Amino acid sequence: MKREIRLNVLRNWRFVLEWATFVSIICMIVTFALTASILPMPAPPLDANGLVAKYGMRTVLFILFALGGGICGLLFLLSRFPRLYRYPVKINAGNVELQYHIAKIALCAGQLITVVVTCVLMMRVYNQNITTDSADFRDMLLQSGIAGCLVYLVYFFTARHYR
């Protein structure tokens, strides 16, 4: 009985996170469309010598969108083929469904983090005219890496707890 309640709660969380991921991916596409094509481009950023930066803003926005979309796509494919996923516990008939739901929740959380970071970076590149050489850009990437590691650690310890 307790196991069934736990599975129902995990199913509900997974359902909510999958829809949130779907909506956030649509938001990422809209953000890219607005910043890279529809809205007017601000003046190009200048480096320390007063020269135009190495890459144009559209190029940086496209690279961010491609990276974010690629990571989301890989996490999506991994969640659709659970046999390819490396679980931190031994899978048996008694824990297969529970471990599957826990892994799906972790993968959805990873997708949400990826989309949020991608959208924030695209908006900051567009609004503040930052480049890939700026400290803000590197700080945001570092923070997203830490958030991804935290999601994995929470998943790892949760999966080990519910063997």
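The following legends describe close-up views of a predicted model.

**View 1. The largest nonpolar core and its most connected members.** This core comprises 17 residues, among which Leu61, Leu64, Leu121, Met122 and Val125 touch the most other members. At least two residues of the core are supplied by each of α1, α2 (57–80), α3 and α4 (135–161). Helix α3 provides the largest share, namely seven residues.

**View 2. Surroundings of Leu64.** When residues up to four places away in sequence are not counted, Leu64 touches Thr118, Leu121, Met122, Val125 and Phe137. Leu64, Leu121, Met122 and Val125 are also among the residues of the largest nonpolar core that touch the most other members.

**View 3. Gln99, a buried residue of helix α3.** Gln99 lies in helix α3, which spans residues 96–128. Gln99 counts as buried because its relative accessibility is 0%, under the 20% limit. Its contacts, not counting residues up to four places away in sequence, are Tyr87, Val89, Ile91, Ala159, Tyr162 and Arg163.

**View 4. A nonpolar surface patch that includes Phe22.** Phe15, Val16, Trp19, Phe22, Val23, Ile26, Val30 and Leu34 together make a nonpolar surface patch of about 760 Å². Phe22 is located in helix α1, which covers residues 2–38. With a relative accessibility of 46%, Phe22 counts as partly exposed, because this class lies between the 20% and 50% limits. In soluble globular proteins, nonpolar side chains tend to be buried together.

Definitions and conventions:
Residues are numbered from 1 along each chain as its sequence is written. This is a predicted model: local features need pLDDT of at least 70, side-chain atom pairs count only at pLDDT 80 or more; totals for chains, interfaces and linings use all residues. Side-chain values use heavy atoms; hydrogens and water are left out. Helices (H or I, at least four residues) and strands (E, at least two) are DSSP runs, numbered from the N terminus. Buried means under 20% relative accessible area, exposed over 50%, partly exposed in between (1.4 Å probe, protein chains only). Contact means heavy atoms within 4.5 Å. Patches are made of residues with over 30% relative accessible area and no salt bridge: like charges are joined within 9 Å, nonpolar side chains (Val, Leu, Ile, Met, Phe, Trp, Tyr) within 5 Å. Accessible areas come from the Shrake-Rupley method with a 1.4 Å probe; for residues, only the protein chains shown count as cover. A salt bridge is a side-chain nitrogen of Lys or Arg within 4 Å of a carboxyl oxygen of Asp or Glu. A nonpolar core is a set of buried Ala, Val, Leu, Ile, Met, Phe, Trp, Tyr and Cys residues joined through side-chain atoms within 4.5 Å.
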